[in-house]
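This report describes a ligand site, the nonpolar cores and several individual residues. The sequence and structure come first.

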Amino acid sequence: NDEKIINLDKLTYAGNLHSLESALNDPRLVMVRGDIGDTNLVEQILKTHNPRAIINFAAESHVDRSILGPEDFIQTNIVGTFRLLETTRHWWGAQSATDKKSFRFLHVSTDEVYGSLENEDPAFTEENRYQPNSPYSASKAASDHLVRSYFHTYDFPVLTTNCSNNYGPYQFPEKLIPLIILRALRGEHLPVYGDGKNIRDWLYVTDHCRAIQMVLEKGRLGEVYNIGGDSERQNIDVVRTICGLLDKKKPRADGKSYAEQITYVTDRPGHDRRYAINAKKIHNEIGWAPEESFDSGLAKTIDWYLNNIPWIENVTSGAYQEWTRKHYDGQ
Ligand code: TYD
């Protein structure tokens with residue numbers, strides 16, 4: 001529709017204006033570079049644009065980086081979310097009764113707040129205890145608690161979603177799937193942590209977006225909704241499937257399989273064994289279900305990366321190259 005979107009983005013290492021190229025000239029998009037923790041800036045945006053909703057996607061989200069340096073995770077995920085909540089609550093309090101009633105603050109979170117599952121455990125429901133195991137998931141858990149408290153204490157109209165591992169086009173190549181595609185094409189080793197049998201539940205990005213939109217429209221205030229792709233896979237299977245698809249779509253010059261590049265490397269400290277989402281609540285209450293299977297989503301993702309090599313070159317800046325050298329090559 002013709003509704004405006006104001007995109008407040010700090011454009012850190014993982015953000016890039018190239019990812020928004022197709023939308024930058026659209027009059028419905030207002031791009032603001034800045035931090036959710038910048039109270040003056042957020043106040044000014046709220047007063048100028050009077051949004052009917054805020055969706056808080058802003059977060060540091062890479063577990064390995066949170067192990068190396070947790071500070072940014074505390075600042076953005078906890079302090080930033082607190083300031084965004086607080087600034088918005090004050091502005092919201094001064095709106096008319098009708099506007100107050102229809103306003104929504106949707107907080108996007110992760111299944112990692114629930115901790116780790118054993119293979120035989122049932123999937124996470126919204127009732128699971130919070131048991132975060134990394135500085136990343138602990139910081140998201142803290143922000144979820146703050147959001148919850150604003151509902152109970154101030155009647156502030158919040159919604160929270162906890163999703164499983166996302167994948168798809170435009171994902172920064174530090175996350176497993178784009179990292180493996182990129183390193184395979186570059187002829188580098190494909191690092192599989194530990195025994196490769198850790199399990200994640202893969203959710204295609206547009207399925208996630210549709211779920212968020214539906215929760216925004218139909219979600220009950222103060223409620224939490226789990227979002228999962230119903231696609232549990234062991235990491236080693238994900239990596240082998242990517243290699244198999246690349247063998248067909250872009251065979252190696254020497255005719256060998258990309259699987260030859262797979263290398264088992266030292267495990268991530270505190271590596272969660274398994275995540276799995278029970279998405280019955282969002283299905284039953286809101287009518288959402290994933291449309292993409294893992295096979296169809298992965299094929300689309302690989303096609304996108306193969307067709308967007310200039311985007312990859314652009315986002316993998318000097319700072320990113322330094323990170324991969326330090327983290328993967330021990331230099
Ligand atoms: P990741 O994409 O970092 O997401 P998360 O840790 O939030 O689930 O990792 C997904 C899985 O892949 C996780 O079990 C760790 C593993 N992994 C590797 O084996 N090698 C890698 O180089 C990376 C980045 C992840």
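Helices (H or I, at least four residues) and strands (E, at least two) are DSSP runs, numbered from the N terminus. The model is predicted: local features need pLDDT of at least 70, side-chain atom pairs count only at pLDDT 80 or more, and totals for chains, interfaces and linings use all residues. Residues are numbered from 1 along each chain as its sequence is written, and side-chain values use heavy atoms, with hydrogens and water left out.

## Ligand site

A residue is near a molecule or strand if one of its heavy atoms lies within 4 Å of it. The ligand has 18 residues around it, of which Glu112, Arg200, Arg268, His271 and Tyr328 come nearest. By class, the shell around the ligand divides into eight nonpolar, five polar and five charged residues. Here Ala, Val, Leu, Ile, Met, Phe, Trp, Tyr, Cys and Pro count as nonpolar, Asp, Glu, Lys and Arg as charged, and the others, Gly among them, as polar.

Helix H6 (176–185) and strand E7 (190–193) each supply at least two residues of the shell around the ligand. With three residues, E7 gives the most to the shell.

| Residue | Protein atom | Ligand atom | Distance |
|---|---|---|---|
| Pro191 | polar backbone atom | nitrogen | 2.8 Å |
| Tyr193 | backbone N or O atom | oxygen | 2.9 Å |
| Arg268 | polar side-chain atom | oxygen | 2.5 Å |

The ligand taken alone exposes 510 Å², and the protein buries 98% of that. Accessible areas come from the Shrake-Rupley method with a 1.4 Å probe; for residues, only the protein chains shown count as cover.

## Nonpolar cores

Buried means under 20% relative accessible area, exposed over 50%, and partly exposed in between (1.4 Å probe, protein chains only). A nonpolar core is a set of buried Ala, Val, Leu, Ile, Met, Phe, Trp, Tyr and Cys residues joined through side-chain atoms within 4.5 Å. In soluble globular proteins, nonpolar side chains tend to be buried together.

The largest nonpolar core has 33 residues, of which Ile177 and Ile242 touch the most other members. At least two residues of this core come from each of H6, E7, helix H8 (235–249), helix H10 (294–307), helix H11 (309–315) and helix H12 (318–328). H8 gives the most to this core, with seven residues. Contact means heavy atoms within 4.5 Å. Not counting residues up to four places away in sequence, Ile177 touches Tyr167, Trp202, Val238, Ile242, Phe294, Leu298 and Thr301. Another core, of 17 residues, lies apart from the largest one, and its members include Ala211, Ile212, Val215 and Ala279.

Which residues is Asn235 in contact with, leaving aside its neighbours within four places in sequence? They are Leu176, Gly196, Asn198, Arg200 and His271. Asn235 lies in helix H8 and is buried, with a relative accessible area of 11%.

Thr316 is found in the loop between H11 and H12. This residue is buried, with a relative accessible area of 3%. Beyond its neighbours within four places in sequence, Thr316 is in contact with Pro173, Leu182, Arg186 and Gln321. A polar atom of the Thr316 side chain lies 2.7 Å from the backbone oxygen of Ile312, and the side chain of Thr316 reaches the backbone oxygen of Glu313 at 3.4 Å. Between Thr316 and Asn198 there are 118 residues in sequence and 27 Å in space, C-alpha to C-alpha.

Asn50 is not a glycine, yet has a positive phi of about 40 degrees. Asn50 lies in the loop between helix H1 (39–49) and strand E3 (53–56) and is partly exposed, with a relative accessible area of 44%.

Tyr170, also not a glycine, has a positive phi of about 65 degrees. Its place is the loop between strand E6 (166–167) and H6. Tyr170 is partly exposed, with a relative accessible area of 41%.

Asn1 lies in the segment before strand E1 (5–9). Asn1 is exposed, with a relative accessible area of 73%. The Asn1 side chain reaches the backbone nitrogen of Glu3 at 2.8 Å. Asn1 and Pro70 are 69 residues apart in sequence and 40 Å apart in space, C-alpha to C-alpha.

Terms used. Polar contact = N/O pair within 3.5 Å; in protein donor to acceptor, adjacent residues only side chain to side chain.
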